[in-house]
Amino acid sequence: LTLEWLGDAFGPALRPEVRALVVSTETEAGGEAVNRRREELGAPRVDVLVAPLVADPTLVRPAGPRAVAAGAAASAKESSSAIRRRVAGLAALRQCWRALTGHLGIP
């Protein structure tokens, strides 16, 4: 198993030895475009595995009057940028906690 980043529309997905692609529900059409291009090049089609989007826990609201509208649900997806922001926030919080406990003499 080899995981590779697709830096453009096709990237390494056009290599004949590639047998499968994992795409999101947002990029499923891109998987089909890869297969059309592979057929043009005489390469076999690949299996396209569709991974569902993961909801961003900081954006999803419970059902009821304040629920996320159906059209807005797609914008409530998890993103790598949001994850990096939360990790950075936790690191900053950890650093502040260490400084505070150190200042107070708490191990």
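Guide: Ground rules first: helices (H or I, at least four residues) and strands (E, at least two) are DSSP runs, numbered from the N terminus. This is a predicted model, where local features need pLDDT of at least 70 and side-chain atom pairs count only at pLDDT 80 or more, while totals for chains, interfaces and linings use all residues. Residues are numbered from 1 along each chain as its sequence is written, and side-chain values use heavy atoms, with hydrogens and water left out.

Visitor: What pattern does the protein chain follow along the sequence?
Guide: The protein chain has two helices and two strands. Reading along the sequence, they come in the order β-α-β-α.

Visitor: Is Leu-104 buried or exposed?
Guide: Buried means under 20% relative accessible area, exposed over 50%, and partly exposed in between (1.4 Å probe, protein chains only). Because its relative accessibility is 53%, Leu-104 counts as exposed.

Visitor: How much accessible area does the nonpolar patch of Trp-97, Leu-100, Leu-104 and Ile-106 have together?
Guide: Patches are made of residues with over 30% relative accessible area and no salt bridge; like charges are joined within 9 Å, nonpolar side chains (Val, Leu, Ile, Met, Phe, Trp, Tyr) within 5 Å. Accessible areas come from the Shrake-Rupley method with a 1.4 Å probe, and for residues only the protein chains shown count as cover. On the surface, Trp-97, Leu-100, Leu-104 and Ile-106 together have about 440 Å².

Visitor: Which residues make up the largest nonpolar core?
Guide: In soluble globular proteins, nonpolar side chains tend to be buried together. A nonpolar core here is a set of buried Ala, Val, Leu, Ile, Met, Phe, Trp, Tyr and Cys residues joined through side-chain atoms within 4.5 Å. Buried residues make up 16% of the 107 residues in the protein chain. The largest core has six residues: Ala-13, Val-18, Leu-21, Val-23, Val-34 and Val-46.

Visitor: Leaving aside neighbours within four places in sequence, which residues is Asn-35 in contact with?
Guide: Asn-35 is found in helix H1, residues 28-40. At 1% relative accessibility, Asn-35 counts as buried. Contact means heavy atoms within 4.5 Å. Once those sequence neighbours are set aside, the partners of Asn-35 are Arg-45, Val-46 and Val-48.

Visitor: How many salt bridges does a search of the whole structure find?
Guide: Side chains of opposite charge can pair when their charged atoms come close. A salt bridge needs a side-chain nitrogen of Lys or Arg within 4 Å of a carboxyl oxygen of Asp or Glu. With the whole structure searched, the total is three.

Visitor: Which residues are linked in a network of salt bridges?
Guide: Arg-45 pairs with Glu-32 at 3.0 Å, N to O. That pair links distant parts of the chain, with Arg-45 in the loop between H1 and strand E2 (47-51) and Glu-32 in helix H1, 13 residues apart. Arg-45 also forms a salt bridge with Glu-39, the closest N and O atoms being 3.2 Å apart. The linked residues are therefore Glu-32, Glu-39 and Arg-45.

Visitor: How far apart are N and O in the salt bridge of Arg-37 and Glu-40?
Guide: Arg-37 and Glu-40 both lie in helix H1, three residues apart, about one turn of the helix. Arg-37 is partly exposed at 30%, whereas Glu-40 counts as exposed at 59%. Their side chains meet with an N to O distance of 3.0 Å.
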